[in-house]
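Hi,

Here is the structure I promised to pass along. Have a look at it first, and then read on for my notes.

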Amino acid sequence: MDPGSREGSPCFSSSRNSLFDSDDDEVEQQDRESAPEATSTPIAASSTPPPIPGLFLFPSALPIKLQHSLAAALSSSVWTSSSNQVMLFTSTERPSLPSFLDPLLDLLPEILSPVLPPPLLDLILHSPLPRQAILNLYRPGMGITPHVDLPHRYEDGIVGVSLVGSTVMDFTHDGEAHSLLLRPGDVYVLSGEARFGWKHGIAYREEDWISDETGGELFLLKRRMRMSITLRRMKEGANVVGDEGE
Ligand SMILES: O=C(O)CCC(=O)C(=O)O
Ligand SMILES: [Fe+2]
């Protein structure tokens, strides 16, 4: 089924450059099946977030039942074509994302409120700006090139949700690098410096070196399939498909 043809579905795009045919130098839509270049030597990742201002990790924030229902909905209604990345947008005409995302959106206040500063929380939860959801499917070996999500197109406060399998997200800035283990059910937020100043990416690998909490013992974690849901607010005027407005 093509979710784009569903009655009342949000604006839908699975084509690579529907919204991103711009000369922005940031990487946006990406082919995640093949590594664009040799991957640098991995740093052992840990589940403790690195000291990057504006990076927040909410470990195991999603109840197992919700993880399963989201993964099941993605499998049955989204990953039905060969595409492994799908973008959904809200707009005035289509103010909601698909209903299978509702339980996640409903839970976000409970997860984020105790930790995030109120203005950031407000932007993420209550902004009238249109919302975008990116749904990504990574098979073992797939990744995403280091990038900054387009700063002119998306607001601060990017929420990421990991499902099914673990991966390692790498953060780089001015020669500094950190790696963070993301487990199923984890939620992360990129804001401020972490969102605008640091690149984030996922190396094209089939396994990751992980260090335990103390930074001591290392073990190799084989990647399984991973699904992710990324939620962002689109800046004013950035939701017009085909009109870059820049
Ligand atoms: O899979 C993820 O958690 C990250 C996805 C991402 O960075 C993006 O789509 O811009
Ligand atoms: Fe990103």
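Below is what I found, going from the whole chain to the ligand and then to single residues.

First, please keep in mind that this is a predicted model. The protein chain holds four helices and 13 strands. Of its 246 residues, 36% are buried. Among contacts in the chain with a separation of 6 or more, 82% are between residues 24 or more positions apart.

I expect you will go to the ligand before anything else. Which residues surround ligand 1? They are Ile134, Asn136, Ile144, Asp149, Gly160, His200, Ser228 and Thr230. Sorted by class, this shell has two nonpolar residues, five polar ones and one charged. Two strands, S4 (131–138) and S13 (226–233), each provide at least two of the shell residues.

Next, the helices. Two packed helices are described by the angle between their axes and the distance between the axes. For helix H1 (residues 64–77) and helix H2 (residues 102–112), the axes come within 10 Å and cross at roughly 145 degrees. On the H1 side the contact is made by Leu66, Ser69 and Leu70, and on the H2 side by Pro103, Leu104 and Leu107. Five of these contact residues are nonpolar, one is polar and none is charged.

Now to the core. The largest nonpolar core has 52 residues, and Leu180 and Val189 touch the most other members. What does valine 189 contact, leaving aside its neighbours within four places in sequence? The list is Phe56, Leu112, Leu116, Gly157, Ile158 and Val159.

Leucine 55 is another residue to look at, and you will find it in strand S2 (residues 55–58). Is leucine 55 buried or exposed? It has 22 C-beta neighbours inside 10 Å, and the cut-off for buried is 20 or more, so leucine 55 counts as buried. Apart from neighbours within four places in sequence, leucine 55 is in contact with Pro49, Pro50, Leu190 and Ala194. Leucine 55 and leucine 107 are 52 residues apart in sequence, and their C-alpha atoms are 20 Å apart in space.

For a contrast, turn to strand S12 (residues 218–222). How many of the five residues of S12 are buried? The count is zero, and the strand is hardly covered. S12 runs antiparallel to strand S11 (residues 207–211), and five bridges join the two. Within this pair, glutamate 207 stands opposite lysine 222 of S12.

- Serine 60 has a phi near 45 degrees, which is positive in a residue other than glycine. Serine 60 lies in the loop between S2 and H1. With 13 other C-beta atoms within 10 Å, serine 60 is partly exposed.
- Valine 164 is not a glycine either, yet its phi is positive at about 75 degrees. Valine 164 sits in the loop between strand S6 (158–163) and strand S7 (167–173).

Best wishes

Notes. Residues are numbered from 1 along each chain as its sequence is written. Chains are lettered from A and ligands numbered from 1 in the order in which they are written. This is a predicted model: local features need pLDDT of at least 70, side-chain atom pairs count only at pLDDT 80 or more; totals for chains, interfaces and linings use all residues. A residue is near a molecule or strand if its C-beta atom, placed from the backbone, lies within 6 Å of it. Ala, Val, Leu, Ile, Met, Phe, Trp, Tyr, Cys and Pro count as nonpolar, Asp, Glu, Lys and Arg as charged, and the others, Gly among them, as polar. Axes are lines fitted to C-alpha atoms, for helices over the stretch in contact, and angles run from 0 to 180 degrees between N-to-C directions. Two residues are in contact if their C-beta atoms, placed from the backbone, lie within 7 Å. A residue is buried if 20 or more other C-beta atoms lie within 10 Å of its own, exposed if 12 or fewer, and partly exposed in between; C-beta atoms are placed from the backbone. Two strands pair if DSSP finds at least two bridges between them. A nonpolar core is a set of buried Ala, Val, Leu, Ile, Met, Phe, Trp, Tyr and Cys residues joined through C-beta atoms within 7 Å.
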